[in-house]
Amino acid sequence: MQVNLADFWPRILEATNQTLLMVGISLLLATLIGLPLGIILVVTRGGGLLENRSVFNVFSTVVNFFRSIPFIILLVAILPFTRLIVGSSIGTAAAVVPLVIFSAPYIARLVESSLLEVKPGVVEAAEAMGATPWQIIWRVYIPEALSSITLNLTIATIGLVGASAMAGFVGGGGLGDLAISYGYQRFETDIMIATVLLLVLIVQVTQTIGTFISKKIRRQ
Amino acid sequence: MIEFDGVSKVYQAGGHELRAVDEVDLTIRKGEIFGVIGFSGAGKSTLVRLVNLLERPTSGRVVVDGEDLTRLSKPKLRNVRKRIGMIFQHFNLLESKTVRHNVAFPLAISGVPKRELQARVEEILEFVGLSDKADQYPEELSGGQKQRVGIARALATSPDILLCDEATSALDPETTKSILRLLKRVRDEYNITILMITHEMNVVREICDRVAVMENGKVIEKGTIFDLFSSPKHPTTQNFVRTVMENEIPASILEGIERRGSERNIYRITFINEHAGEPILSRVAKQFQVEVNVLFGQITELQGTPFGHLVVELQGEDKEILRAIDHIQSNVSIQEVEAHAG
């Protein structure tokens, strides 16, 4: 049974909404977790501001652990946890949980690499001026790395768009789900092309905005 | 003002010890400009970081203004650091902040009220001559201007001490001079004690009152700038002096002397202080039956006073030459030079 693309638009719009919602909420939550994690990884490492090898090793290992699990496996493996958090293991909200767990460690590493670009000399200068570690994080590390963090968050966002496509597995909906269940499994080429084009558009727009903001921050 | 008391800093690197700073004793007096010179790896960078405890000494005491910093708690140490400014070879300015905000940084982290902060920033930018650049970003500035921002930032909290870590090493000679003049003004107008480390002898010559020479973590020689230039004892010190003042008689001149053979009376006359300006040689030539032949020489300036040496050949009868030497000796130092030894 063929589906008419024109009649199908409301479904596509709904799916677009679901994708944006999943990606948006996941990005927000994952950043809230990933940013402090990235900061911890930078300040506790050897020679860091608050050097603490055991803390660093624990966080680094946990981050690596979650980073090494393929998303599709993570999605299924944490189903009980998801149910505990959102009360259900299917639906858009349920998809957000694995997306956050998947991308928070990734964002942590991206933030870490951005912060490591901050010249050690600048941090040393702030220390020499009597700044507290907290002041150095908020007044030196973050502002100096903000432009780079923005670019890296853009990368993470696009990664999330990709991962959210797989969220169809837990009934999360979204454009990726539509492309797979209609376009791929039911050979609805029109729908596949339409959804993929929409995904391309989302990625393009995201990257353009990210690059723009990053440049804006660099040259205030 | 700053006292190093048997200070060592030892790093453990791959099973063996690296003594970056080795049993250093130094006293830096209030209001003086003290230079520490050494080749790279001599330990001077570590030494300067021991003053504000960016590096903790492995043993010994660092006493600043009567206070043993190694015993202070972290919050107290941070307060002491606010009285010790520091500038760096690569300036280490916040790239994301304007000149104004960079200079305001040390005041902002101390919670200085906004109005007071703004007034102080204006005042100090005026002092370093960068009022018109206040709203520019560091990357829009030249190296010399960046270092001026660095100096302004270091002075913002009105410190008693200014540490300079190779502050002019990334600058061209002209800019170096202007930065050194500014540092001198800092000392003269604010009576700030300056400890500067460098590998450039001309920097030391330009503004330092006293100097310590470092090698392999140890202070191998120290003294006033005149001591060091007029009678450097350690070979490394002699090398440093040679970088700004050629001490050896050039080979071409030596060759000429040796070729002509015979007994030659060659002397090195060293001028220090006021005598450098006196016409000693022409007086000698007039008063005694000797001819003075200047073979080689160099006069430079040490802190605004001429200093240097001349290598001369005295021709004439032995008796007259001895009298001439006697006369010279009563004014300046003179030594015989062996033609083949230089």
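## Two crossing helices in chain B

In this predicted model, the axes of helix H4 (residues 114-128) of chain B and helix H5 (residues 143-155) of chain B come within 9 Å and cross at roughly 140°. Axes here are lines fitted to C-alpha atoms, for helices over the stretch in contact, with angles running from 0 to 180 degrees between N-to-C directions. Helices (H or I, at least four residues) and strands (E, at least two) are DSSP runs, numbered from the N terminus. The crossing is right-handed, a word used if the near helix is turned clockwise from the far one by less than a right angle, with left-handed for anticlockwise.

Which residues of H4(B) and H5(B) make the contact? H4(B) brings B:Ile124, B:Leu125 and B:Val128, and H5(B) brings B:Arg148, B:Ile151, B:Ala152 and B:Leu155. Two residues are in contact if their C-beta atoms, placed from the backbone, lie within 7 Å. This set has six nonpolar, no polar and one charged residues; Ala, Val, Leu, Ile, Met, Phe, Trp, Tyr, Cys and Pro count as nonpolar, Asp, Glu, Lys and Arg as charged, and the others, Gly among them, as polar.

Helix H3 (residues 99-108) of chain B is largely enclosed by the rest of the structure, because eight of its 10 residues are buried. A residue is buried if 20 or more other C-beta atoms lie within 10 Å of its own, exposed if 12 or fewer, and partly exposed in between, with C-beta atoms placed from the backbone. The buried residues of H3(B) include B:Val99, B:Arg100, B:Asn102 and B:Phe105, and the buried residues of this helix pack against H4 and H5 of chain B.

## The domains of chain B

Chain B splits into domain 1 (2-244) and domain 2 (251-336), with bounds that come from an automatic or database domain assignment. Taken over C-alpha atoms, the centres of the two domains of chain B are 40 Å apart. Six residues from domain 1 of chain B and six residues from domain 2 of chain B form their contact.

On the domain 1 side, helix H8 (residues 225-230) of chain B gives the most, with four residues. That side of domain 1 has four nonpolar, one polar and one charged residues.

Chain A has nine helices and zero strands, and 43% of its 220 residues count as buried. Its C-alpha atoms fill a box of roughly 70 × 40 × 25 Å along the principal axes.

The contact between the chains takes 17 residues from chain A and 16 residues from chain B. Helix H6 (120-128) and helix H7 (133-166) of chain A each give two or more residues to the chain A side, which has eight nonpolar, four polar and five charged residues.

The axes of H6(A) and H7(A) come within 11 Å and cross at roughly 160°, which makes H6(A) roughly antiparallel to H7(A). Their contact joins A:Val122, A:Val123, A:Ala126 and A:Glu127 of H6(A) to A:Ile136, A:Val140 and A:Glu144 of H7(A).

## Reading the numbers

Residues are numbered from 1 along each chain as its sequence is written, while chains are lettered from A and ligands numbered from 1 in the order in which they are written. As this is a predicted model, local features need pLDDT of at least 70 and side-chain atom pairs count only at pLDDT 80 or more, whereas totals for chains, interfaces and linings use all residues.

Note on methods. Angles under 35 degrees count as roughly parallel, over 145 as roughly antiparallel, 65 to 115 as roughly perpendicular and the rest as oblique.
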